[in-house]
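Let's take a walk through this structure together. Have a look at it first, and then we'll go through some of its features.

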Amino acid sequence: MSLSTTWRGLLLTAALAVVWLGILPRVATWSSVQQRRARHEESGINPAAIFYSEQPDELFDRADVALHEHPEAFW
Amino acid sequence: MNDPAPAIPRSRRFSEDWLAVFLGITVLCVSMVSVWVAHGDELTQTAEQIAASTDKSEVKKLTKGAASLSPLKPWVNKPQEWTSSPIEALSAKGKSVVPGIVGAGGILLVLFAVGIVLRGENLQRFAGAFVVVFLLSVLAYLLASQSVIHHYNLEYALWALLVGLLISNIIGTPAWLKPAVRTEFYIKTGLVLLGAEVLFGKLLALGLPGICIAWIVTPIVLVTTYLFGQYVLRIESRSLNMVISADMSVCGVSAAIATAASCKAKKEELSTAISMSLMFTVIMMMVMPAVVRATGMDPVIGGAWMGGTIDSTGAVAAAGELISPAAGDVAATIKMIQNVLIGVVSFCVAVYWVTFVERNENSTRPGLSEIWVRFPKFVLGFLAASIVCSLIAGAATGGVFGELFVSASTAATKGLRGWCFCLAFVCIGLETNFSELAKTLKGGKPLVLYVCGQSLNLALTLFMAWLMFDKVFPQAKAVLNQ
């Protein structure tokens, strides 16, 4: 590994560390971010889900209950 | 990189597609058998209790408990959400997730090593390189699970891609890592595992309004956007056009992965489509709730509108919750119905590609045998897993036992599926250079395609949501708003 590659690797690591260990933890203390986080936690939402199976079943309860109790309203 | 002389003649090697099917189905079978042997009786009793119970909270509790009855689940985990120190990511509710991360790496190493041996390739070189690629995937998950990133829906796919891209473009991908850079293999195996989560029964989750919003508008938007890209924008690459059209109209990253594999898109095309989708997801999850509130739109219509248009599944629920719990639930349910469409889209795209796009210039239409040879076989594994799990979930003991069984069986496999996709995106990054990525954005046409397609999607979905919930099924709207 050449010196320049080593330096580039170190600079890259440092840049990632500054953003993820320095900037983002500070951003996480902003009230808007904390409110968003609290809202997601309260409703059990996984905001990073890429498929419905990664979400809690509770999210689909409303439709399930409505469809079973009032099927005539949906068909 | 040249492999040493293969022990198995090339003609007798297993194709990557069939291997992905074999490995994916094996994992699903092992998971199902382990659930059946270890917790079959418990699941039967729980299903009976649920069927007899009238207490909704008890049913919920029993369902949740049964879904986690997978003996493999403790051995498959990923880094958890953290805020100030990545060390926080290594435990959940006071329990270490390190065994789960190491376990997932170990299971996947064994799984793909079997594939490498069956293909007659060098196992030792693969194993060493795989450990490093897996560690890069752990890094990508760590970057994605920082709480700000996590709650603003910047999914692991983006960070996995970035980790790979930074290494390949700034440091250079070392040659010894390349034996484990197996993008298609990881994606196809992950897709077969994903098939078990595509349950066709979910299609009926919101009755006819749900079907009309998610299964009528979405294919119209997909086909129209693709044709617009071909005949108006004249995008050079059909596969880039298709992947953008599918990820914008169906469900973001998962649809992009499935379609890209079906139409054999280039890696940088998938990267471009996913990057654009995630960028617009972040914008739409902020702007759309504001528009719904500002216009005084009904929460059910607003939720259905967002569910049908915002690409990412996680962002849909998050955006809906900003309006009301009803909007969030309707949005998530519409997106779930749309998610199920990816099996059909993936199959149709694969058939269209081998029949119309890949045909020789001289021939009018390929014969059935030629279609079969060209057809991406992993799609069959994906569909088989989906059909079998849909039948199990819908059939046994009035559906209760079957649903619990499928839920418990996929509890661990969905974790492995996530790791497969994460590995694939790290590999895409490791194989791509910035100039190739820039080429796919040539002339800004992909961006124009996305914006035009999404505009049509927004207009048609809003119209259908209004038509369904305001004119045709107003009672459904009233019931959902309760």
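## Ground rules

A salt bridge here is a side-chain nitrogen of Lys or Arg within 4 Å of a carboxyl oxygen of Asp or Glu. By that rule, Glu81(B) pairs up with Arg37(A), and their closest N and O atoms are 3.2 Å apart.

Keep in mind that this is a predicted model, where local features need pLDDT of at least 70, side-chain atom pairs count only at pLDDT 80 or more, and totals for chains, interfaces and linings use all residues. Residues are numbered from 1 along each chain as its sequence is written, chains are lettered from A and ligands numbered from 1 in the order in which they are written, and side-chain values use heavy atoms, with hydrogens and water left out.

## Where the two chains meet

How many residues of chain B are in contact with chain A? There are 65 of them, and they touch 44 residues of chain A; contact means heavy atoms within 4.5 Å. Together the two chains bury about 5100 Å², with 66% of that on carbon and sulfur atoms. Buried area is the accessible area (1.4 Å probe) that two parts lose on being put together, summed over both.

Between chain B and chain A you'll find three salt bridges. There are also 20 residue pairs in polar contact across this interface, with both residues at pLDDT 80 or more. A polar contact is a pair of N or O atoms within 3.5 Å; within protein, one must be able to donate a hydrogen and the other to accept it, and residues adjacent in sequence count only if both atoms are side-chain atoms. On the side of chain B that touches chain A, helix H14 (residues 325-357) of chain B gives the largest share, eight residues. Helices (H or I, at least four residues) and strands (E, at least two) are DSSP runs, numbered from the N terminus. That side of chain B splits into 37 nonpolar, 17 polar and eleven charged residues. Here Ala, Val, Leu, Ile, Met, Phe, Trp, Tyr, Cys and Pro count as nonpolar, Asp, Glu, Lys and Arg as charged, and the others, Gly among them, as polar.

## Chain A in two parts

Chain A is divided into domain 1 (1-43) and domain 2 (47-75), with bounds that come from an automatic or database domain assignment. Taken over C-alpha atoms, the centres of these two domains of chain A are 35 Å apart.

Over all chains, the structure holds twelve salt bridges. One of them joins Arg37(A) and Glu41(A), at 3.3 Å from N to O. These two sit about one helical turn apart, because they are four residues apart in helix H2 (residues 31-43) of chain A. Arg37(A) counts as partly exposed, at 27% relative accessibility. For this label, buried means under 20% relative accessible area, exposed over 50%, and partly exposed in between (1.4 Å probe, protein chains only).

Glu54(A) and Arg417(B) meet in another salt bridge, 2.6 Å from N to O. This pair crosses between chains, from the loop between H2 and helix H3 (61-69) of chain A to helix H17 (residues 400-431) of chain B. Are Glu54(A) and Arg417(B) buried or exposed? Both are buried.

Within chain B, Lys267(B) bridges to Glu431(B), with the closest N and O atoms 3.7 Å apart. Lys267(B) lies in helix H11 (residues 267-295) of chain B and Glu431(B) in helix H17 of chain B, so the pair ties together parts that are 164 residues apart in sequence. Lys267(B) is partly exposed at 23%, and Glu431(B) is partly exposed at 37%. Elsewhere, salt bridges that share partners link Arg37(A), Glu41(A) and Glu81(B) into one network.

Phe112(B) sits in helix H3 (residues 98-118) of chain B. Phe112(B) counts as buried because its relative accessible area is 0%. Its contacts beyond four places in sequence include Leu23(B), Phe126(B), Tyr186(B) and Cys420(B).

Asn241(B) belongs to helix H9 of chain B and is buried too, at 0% relative accessibility. Leaving out residues up to four places away in sequence, Asn241(B) touches several residues, among them Thr225(B), Tyr226(B) and Leu449(B).
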